[in-house]
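User: Hi! I've just opened this one in my viewer. Could you walk me through it?

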Amino acid sequence: MKYSELCNVYEALSKTSKRLEKVDILSDFLKKLAKSKGDNKWIYLIRGRVLPDYDAREFGISRQLIIKIISKASGVSSDQITKDFNKIGDLGQVAENLMAKKKQHTLYHSSLNVEKVFTNLKKIFEMEGKGSVDKKVSLVAELLVNANGLEAKYLIRTVLNDLRIGVADSTLRESIAEAFFPDERKEVLNKIEEVYDLANDFAQIFEAAIKGKKAFDEIEIIPGKAMNVMLPVKVTEISEAFRMCGKPAAIEHKYDGFRVVISKNKNGNVKLFTRRLEDVTNQFPDVVSVAGKNIKAESFIVDSEVVGYDPKTKKYKPFESISQRIKRKYHIEKLIDELPVEINAFDVIYLNGKSLVNLPFIERRKHLEKIIKVEKLKVRTAEQIITDDEKKALEFYKNALKIGEEGIMVKNLDSIYKPGRRVGHMVKMKPSSRDFDLVIVGAMHGTGKRAGWLTSYIVACRNNKDSKDKFLEVGMVSSGLKEKESEGTTYKEMTKMLKPLITSEKGRIVRVKPKLVVSVTYQNIQKSPTYSSGYAMRFPRITVYRPDRNTSDIANISDIKKEAN
Ligand code: AMP
């Protein structure tokens with residue numbers, strides 16, 4: 001298949017904001033792709049990727065490098081390209097203009113095909129170590145010199161992870177249903193959503209859809225892949241928790257660490273994933289070793305909260321203090337001694353070759369207790385009671401807070417494990433604190449001592465429960481980050497993480513892709529016309545950067561409104 005064919009689809013998608021039109025365009029394309037004898041994995045390109053969603057790795061090619069690549073391919077200086085970019089705010093568009101101009105002179109017909117684009121882009125992920133940057137550059141450059149204007153635009157946007165065609169994963173799922181099951185779209189869409197949460201892989205879903213409805217039943221979770229975890233709904237009263245989860249219910253301590261899905265395949269390979277689907281196996285060799293020894297099963301997927309403790313006093317530490325371990329890629333051994341962690345296992349969803357997602361929670365918990373060999377400060381099962389008594393539940397809650405836990409989780413005993421969903425099978429209850437998880441959508445360059453860094457951050461909440469893509473600004477926060485690395489996340493580190501996410505720049509303000517989540521405390525929230533939410537946080541302060549969270553975890557506009565005065 002010609003790459004230009006795919007680019008025409010991108011272009012058509014970018015020209016409409018209507019969801020149904022997008023579904024039409026995409027389902028036509030999917031039917032063609034199915035017939036094309038190409039690779040099913042090419043479907044990833046529709047969302048600007050070459051990897052399945054369970055593999056969260058990104059191209060990691062900076063904007064600066066892209067400017068160099070465009071310069072090389074077009075023969076225009078980097079300075080000129082930077083100027084164009086500052087004017088237009090989209091390097092893809094800049095590449096289109098330049099390549100279209102160049103190719104006009106040579107009466108150029110592109111020969112790029114999807115296979116070549118996919119293969120080259122995929123190879124980027126194999127490049128590591130010395131000389132890898134140069135190799136990545138040549139892989140992209142080779143494509144760019146052969147691209148026409150439109151292809152150049154979408155190639156560059158793909159590599160920058162900023163396709164701008166407005167296709168959410170839900171739109172793609174809908175399009176698969178529409179393409180292959182037009183007469184039973186709704187019913188099949190439900191099924192697709194269900195199995196997508198298990199597989200996190202559009203190629204697998206696409207392949208099953210081509211084969212027929214029954215093939216969806218063969219999709220199962222398997223160890224070794226990242227998966228979307230089940231998430232709780234928030235409640236404020238015990239009675240509400242019971243109303244949602246039924247009586248009796250399981251009540252557990254809510255630990256203040258970070259979510260880790262631990263999986264071991266039948267070859268004994270242990271892998272660790274965060275709820276953002278990031279592979280953190282290398283950062284936690286201690287957890288790998290404990291899981292390998294103390295979880296007694298041939299293969300498993302165990303859901304857990306990993307909590308840090310002070311190696312001297314043995315007291316548990318809040319998430320903030322172990323967040324460094326998630327980020328650290330080198331010199332890990334020293335950190336393991338300084339910031340040891342304990343696994344608090346609370347669910348098992350795969351065991352000895354079989355998925356347990358459809359077993360009731362109470363049965364899964366029994367399996368969990370059987371396979372975990374508890375060892376102090378290494379691994380334990382989450383503290384749990386089963387009760388229908390509100391008084392007992394409240395006592396358990398108060399005690400959890402007294403010993404420093406975050407609160408409690410209340411879980412429905414009969415519920416199945418629903419990956420990726422806040423379905424109300426489990427709820428969380430914790431004291432309301434003046435703090436929200438928010439996403440950074442913009443930033444401001446610092447001045448004086450802080451020149452060279454982005455030092456103020458525009459933070460946003462989600463627009464509403466169903467909309468994944470829309471964010472509303474609630475304030476600008478400048479304090480909380482550190483200047484010295486030993487004290488926590490620094491302005492310098494945050495700047496380094498934000499720079500590749502910049503989408504446009506105007507004066508001192510940059511806009512960034514909504515990706516980095518921070519917890520922000522504040523004194524109060526007031527109505528304000530300054531920010532797009534209509535509310536502003538007063539005296540906001542970042543308490544901690546949350547590398548383990550993504551935008552589906554952040555506060556909603558309704559949460560913000562509730563706290564406003
Ligand atoms: P929140 O992050 O406030 O939405 O709370 C949900 C998170 O609590 C989960 O994603 C887990 O990381 C964490 N957690 C702590 N203890 C438990 C537990 N016993 N069961 C389930 N989740 C827990």
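Analyst: Happy to. Asn 161 is partly exposed, with a relative accessible area of 34%. Keep in mind that this is a predicted model.

User: Where does Asn 161 sit, in terms of helices?

Analyst: Asn 161 is in the loop between helix H8 (149–159) and H9. Its phi is positive, about 60°, although Asn 161 is not a glycine.

User: Is Lys 37 buried or exposed?

Analyst: Exposed, with a relative accessible area of 81%. Lys 37 lies in the loop between H2 and helix H3 (63–74).

User: Thanks. Back to H2, how many residues does it have?

Analyst: Helix H2 covers residues 19–35, which makes 17 residues. From first C-alpha to last, H2 reaches 24 Å, close to the 24 Å expected at 1.5 Å a residue.

User: And which of the H2 residues are buried?

Analyst: Lys 22, Val 23, Leu 26, Ser 27, Phe 29, Leu 30 and Leu 33. The cover over these buried residues includes helix H1 (3–14), helix H9 (169–180) and helix H11 (202–211).

User: What about H9, how many of its residues are buried?

Analyst: H9 is mostly covered, with 10 of its 12 residues buried. Among the buried residues of H9 are Asp 169, Arg 173, Glu 174 and Glu 178. H2, helix H10 (185–199) and H11 are included in what covers the buried residues of H9.

User: Which residues does Ser 175 contact?

Analyst: Leaving aside neighbours within four places in sequence, Ser 175 is in contact with Val 23, Leu 26, Ser 27 and Leu 30. Ser 175 lies in helix H9, and counts as buried because its relative accessibility is 0%, below the 20% cut-off.

User: Nice. Switching topic: how many residues are in the largest nonpolar core?

Analyst: It has 77 residues, and those with the most contacts inside it are Tyr 3, Ile 43, Leu 91, Leu 121 and Phe 216. Not counting residues up to four places away in sequence, Leu 121 touches Leu 45, Val 50, Phe 59, Leu 143, Leu 155, Thr 158 and Val 159.

User: Now the open sheet. What order do its five strands take?

Analyst: The order is S1-S11-S10-S2-S9, with mixed pairing. Strand S1 (233–234) and strand S9 (384–387) stand at the edges with a single partner strand each, so one side of each has no neighbour in the sheet.

User: Which helix packs on that sheet?

Analyst: Helix H17 (residues 390–402) does, touching strand S2 (249–254), S9, S10 and S11. The direction of H17 makes about 140° with that of S10.

User: How many bridges pair S10 with S11?

Analyst: Four bridges, in the antiparallel sense, between strand S10 (residues 407–412) and strand S11 (residues 426–429). Met 426 in S11 is the bridge partner of Lys 411.

User: And where are the domain boundaries?

Analyst: Domain 1 is 231–429 and domain 2 is 435–563. Their centres, taken over C-alpha atoms, are separated by 28 Å. The contact takes 12 residues from domain 1 and 13 residues from domain 2.

User: What does Leu 231 touch?

Analyst: Its contacts include Arg 259, Arg 275, Arg 421, Arg 422, Met 426 and Asp 553, not counting residues up to four places away in sequence. Leu 231 is in the loop between H11 and S1 and counts as buried, at 10% relative accessibility.

User: Last one: which strands pair with S13?

Analyst: Strand S12 (residues 435–445) pairs with S13 in the antiparallel sense over six bridges. Strand S14 (residues 471–477) is joined to S13 by six bridges, running antiparallel. Met 444 stands opposite Ser 456 in S13, and Ala 460 stands opposite Glu 473 in S14. As for burial, nine of the nine residues of strand S13 (residues 454–462) are buried.

Terms used. Residues numbered from 1 in each chain as written. Predicted model: local features only at pLDDT ≥ 70, side-chain atom pairs only at ≥ 80, totals over all residues. Heavy atoms only, no water. Helix = DSSP H or I, 4+ residues; strand = E, 2+ residues; numbered from the N terminus. Expected span 1.5 Å × (residues − 1). Buried < 20%, exposed > 50% of the residue type's maximum accessible area, 1.4 Å probe, protein only. Contact = heavy atoms within 4.5 Å. Core = buried A, V, L, I, M, F, W, Y, C linked by side-chain atoms within 4.5 Å. Pairing = 2+ DSSP bridges. Axes fitted to C-alpha atoms, helices over the stretch in contact; angles between N-to-C directions. Domains from an automatic or database assignment.
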